[in-house]
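Have the sequence and the model open as you read.

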Amino acid sequence: MGAVDISPGSLLVVFLLLTVPLFLNYAYSLKIARSLFYSVSRMCVQLVLIGFFLKFLFLRNNAFFNLLWLVIMVLVAVYSALSNFSMRASKVLLPAFTSFFLATFSVVLFVNVFVIKIAYVFDARYLIILGGMLLGNSLRGNIIGISHFYQTIRKDRKRFLYVLSLGASLKEATLPYLRQSLSLALKPTLAAMATMGIVALPGMMTGVILGGASPQVAIKYQIMIMIAIVTSTMLSVFLTIVMTRRSCFTKYGILKSDIFI
Amino acid sequence: MTLEIQEGEKAVISGYSGLGKSSLFYLLLGFVRPAEGTVYFSGRPLNSHFIWNVRRKISYVDQDISLFGGKIRQQFEFLFSLRANSHLSKGWDYIIELLNYFSLGRDILDKDIEEVSGGQRQRIALINAILLRRNVFLLDEPTSFLDEKLKEKVADFFLQRPYTVIVASHDQVWQKKAVKVFDLEKKQWVQ
């Protein structure tokens, strides 16, 4: 039993719901009609294209194309993360990309090999879908963690310099900020975990249930994905900070100012 | 401009605010790099390798009294937790002795840094610097929050010992007691 398909005509019906925000927009002069229209259209075009593309990937199910798509997803995630905390992407793109990719890929690989135990570990249905979920869900934590690290050191400049003057190595001087950033990065995921199932029925579970599996299977998948998200978030924030530290600080241990926009 | 300070000398850097007294210290600590010219320490030019050693030979007190959150006791423990300072003994007796000298009771150890006054913070920062047992002191406005009696005490502590001391301060007590005064505006020694 799969999900009931929605015919193109029926899908159009869902757009009727938009009359509610449009009405409120008109009634309260919110001036959001233009951005609402833009976002909805952009989402539709993106999803239609991705739909075709995923169909192609699923049909070919070729390890190279699947990995290539994962690389593209990571690139977009890194780029959007960097632009969100006003850092100059060109300065840290490579180390940030490497960290995000390593964190996502290693966790997905672990799940595919040891948990789901699929024969073909590069299977598009698992590699891309799980990779996408990890990236999407850890993005917020990543943005919070990495931006906290660099922005706090920037704001705390005098204290940071004072610690260097006490004889601290760069690793020692940045350690308190690394600690804070890792625990902050994890907060959104931990908060989501606490309300899971009661307040929110998460996307993965919804998908698995609509796909025809029983709620028991869906729950197992959800537990798996949440643990994978916590791990990949921690890992990617940690690796990104450790790997960008080299290019964001001078050899004198001073935070470079040109990494910020 | 050339400014040379020999080992064991006590020098006061004078000049109005914003002239660059703090920047001079920043140059020596490698926090800023000179646009031109060279900074030497012990006859060796500073570079990105040497600077990490230099910082371990200098005790610095900044004018904003940068300390970390937490209890005063933790401030001192933090110093010793750094690898560069791991050879130092914690010596709580010596800490108590210094607290007494600077007119701070030992009960301040369990106070939070946010609870204490500016003058107390300043003396804690000075004790931090002394505990590192280094021979070169860079003191940036180290007595700005203290009363006259304490200013004297602090100046005596540093000037009567065989340390190399460079002080940037508006307080007359330093200028009166130090042998040398460098006027940053005139770019020359005036005393």
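Two strands count as a pair if DSSP finds at least two bridges between them. Keep in mind that this is a predicted model.

**Strand 6 of chain B and its partners**

Strand 6 of chain B pairs with strand 1 (residues 10-14) of chain B in the parallel sense, over four bridges. Strand 5 (residues 136-140) of chain B also pairs with strand 6 of chain B in the parallel sense, here over five bridges. Val136(B), in turn, faces Thr164(B) of strand 6 of chain B.

Which strand does strand 4 (residues 58-61) of chain B join? Four bridges link strand 4 to strand 5 of chain B, and the two run parallel. There, Tyr60(B) has Leu138(B) as its bridge partner.

How do you get from strand 5 to strand 6? Strand 5, helix 6 (residues 148-159) and strand 6 of chain B make a right-handed β-α-β unit.

**Buried or exposed?**

Five of the five residues of strand 6 (residues 164-168) of chain B are buried, so this strand is largely enclosed by the rest of the structure. Strand 5 of chain B is likewise largely enclosed, because five of its five residues are buried. Both faces are covered in strand 6 of chain B and in strand 5 of chain B. In strand 6, Thr164(B), Ile166(B) and Ala168(B) are buried on one side, with Val165(B) and Val167(B) buried on the other. In strand 5, Val136(B), Leu138(B) and Asp140(B) are buried on one side, with Phe137(B) and Leu139(B) buried on the other.

**Over to chain A**

| Residue | Relative accessible area | Class |
|---|---|---|
| Leu17(A) | 59% | exposed |
| Cys44(A) | 26% | partly exposed |
| Cys248(A) | 0% | buried |

Leu17(A) lies in the loop between helix 1 (8-14) and helix 2 (19-27) of chain A. Why does Leu17(A) count as exposed? Its relative accessibility is 59%, and the cut-off for exposed is over 50%. Leu17(A) also belongs to a nonpolar patch on the surface, together with Ile6(A), Leu11(A), Leu12(A), Val14(A) and Phe15(A). Together these residues have about 590 Å² of accessible area.

As for the cysteines, the structure holds zero disulfides over all chains.

Technical notes:
Residues are numbered from 1 along each chain as its sequence is written. Chains are lettered from A and ligands numbered from 1 in the order in which they are written. This is a predicted model: local features need pLDDT of at least 70, side-chain atom pairs count only at pLDDT 80 or more; totals for chains, interfaces and linings use all residues. Side-chain values use heavy atoms; hydrogens and water are left out. Patches are made of residues with over 30% relative accessible area and no salt bridge: like charges are joined within 9 Å, nonpolar side chains (Val, Leu, Ile, Met, Phe, Trp, Tyr) within 5 Å. Accessible areas come from the Shrake-Rupley method with a 1.4 Å probe; for residues, only the protein chains shown count as cover. A salt bridge is a side-chain nitrogen of Lys or Arg within 4 Å of a carboxyl oxygen of Asp or Glu. Buried means under 20% relative accessible area, exposed over 50%, partly exposed in between (1.4 Å probe, protein chains only). A crossover is right-handed if, with the strands pointing away from the viewer, the path from the first strand over the helix to the second runs clockwise. A disulfide is a pair of cysteine sulfur atoms within 2.5 Å.
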